[in-house]
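Subject: structure handover

Hi,

Here is the structure I said I'd pass on.

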Amino acid sequence: MSVLKVAVLCGSLHKPSRTLALCETLLAHIRKHTEIKTHIVEISQIGKIIGSCMQFSELPIEIQNDIHEITNADLVIAASPVYSASYTGLFKHFVDFLGKDALSGVPVLLAATGGSSLHGLVIDHLLRPLFVMKQALVLPLGVYGTEADFTDNQVNSPALEKRITLAINQALPFLKSVSSSNN
């Protein structure tokens with residue numbers, strides 16, 4: 001069995017973060033099915049740097065390497081908290097540095113967190129079109145968690161755990177084909 005390369009783009013502006021906790025829970029569920037190698041990009045750690053860059057060539061080599069890891073992953077988990085009914089601006093700014101077809105055919109699992117269930121549509125109305133523009137193979141089911149689904153920045157909701165399990169189970173056929181094509 002080959003190792004699945006999973007890149008995470010976490011758009012949270014803070015650490016600790018419910019969004020990062022959701023990403024880590026998704027990774028744990030994937031690990032139940034296959035061996036993975038992860039690369040996590042946290043906007044909370046690089047936001048000030050990327051915010052001052054307008055072109056790819058202005059990015060420090062470390063962030064160019066982060067982009068390389070994302071564009072060469074077998075699976076990308078893209079997650080953002082919802083602020084003012086949208087993903088974070090620095091998350092979008094980072095995605096803008098990806099080439100227009102940089103994720104061509106790459107499976108992308110979308111996730112988001114927010115204060116209430118009212119923001120759950122951000123996955124299908126904003127995140128999905130953003131990654132379709134990058135030619136990604138956006139997986140069928142996204143995962144959304146509210147504040148009530150977390151305790152001390154850890155998933156504590158049986159309903160959210162069930163949604164995560166369903167999303168990963170629906171993603172597996174795409175991941176197996178990626179994994180088997182690497183042999």
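Let's start with the largest pocket: the residues lining it are S12, H14, P16, S17, R18, T19, P81, V82, Y83, T113, G114 and G115. Before I go further, this is a predicted model, where local features need pLDDT of at least 70, side-chain atom pairs count only at pLDDT 80 or more, and totals for chains, interfaces and linings use all residues. Residues are numbered from 1 along each chain as its sequence is written, and side-chain values use heavy atoms, with hydrogens and water left out.

Back to the pocket. Its volume is about 150 Å³. In grid terms (1 Å spacing, protein atoms alone), a pocket is an open set of points with protein on both sides within 12 Å along at least five of seven lines, a cavity is a set where a 1.4 Å probe fits but cannot get out, and lining residues have an atom within 4 Å of a point. Points are joined across faces, edges and corners, and a volume is the space filled by probe spheres set on them. Helix α1 (18–31) and strand β4 (107–114) each give at least two residues to the pocket lining; helices are DSSP runs of H or I with at least four residues, strands are E runs of at least two, and numbering goes from the N terminus. By class, the lining has four nonpolar, seven polar and one charged residues (Ala, Val, Leu, Ile, Met, Phe, Trp, Tyr, Cys and Pro are nonpolar, Asp, Glu, Lys and Arg charged, the others, Gly among them, polar).

There is also one cavity of 30 Å³ or more. The largest cavity comes out at about 30 Å³, and C10, S12, H14, K15, S17, L20, E42, I43 and S44 line it. That lining divides into three nonpolar, four polar and two charged residues.

Now the core. The largest nonpolar core has 34 residues, and I70, F91, F94, L103 and F131 have the most contacts inside it. A core here is a set of buried Ala, Val, Leu, Ile, Met, Phe, Trp, Tyr and Cys residues joined through side-chain atoms within 4.5 Å. The largest share of this core, five residues, comes from α5. Another core lies apart from it, with 29 residues, including V6, L27, A79 and A167. Leaving aside neighbours within four places in sequence, I70 is in contact (heavy atoms within 4.5 Å) with A7, L9, V41, V76, F94, L98 and L103.

On to the rings: the structure holds two aromatic pairs. One of them, Y87 with F91, is tilted, at 5.9 Å centre to centre and 45° between the planes. Rings of Phe, Tyr and Trp (its six-membered ring) pair if their centres lie within 6.5 Å; planes under 30 degrees apart are stacked, over 60 edge-to-face, the rest tilted. Ring pairs link Y87, F91 and F131 into a cluster. Y87 is buried at 16% relative accessible area, and F91 is buried at 0% (buried is under 20%, exposed over 50%, partly exposed in between, with a 1.4 Å probe and protein chains only).

Finally, what sits 7.0 Å from R18, C-alpha to C-alpha, despite being 136 residues apart in sequence? That's Q154, in strand β8 (residues 154–155) and partly exposed at 48%. T151, in strand β7 (residues 150–151), is 133 residues from R18 in sequence and 9.0 Å away in space, C-alpha to C-alpha.

Cheers
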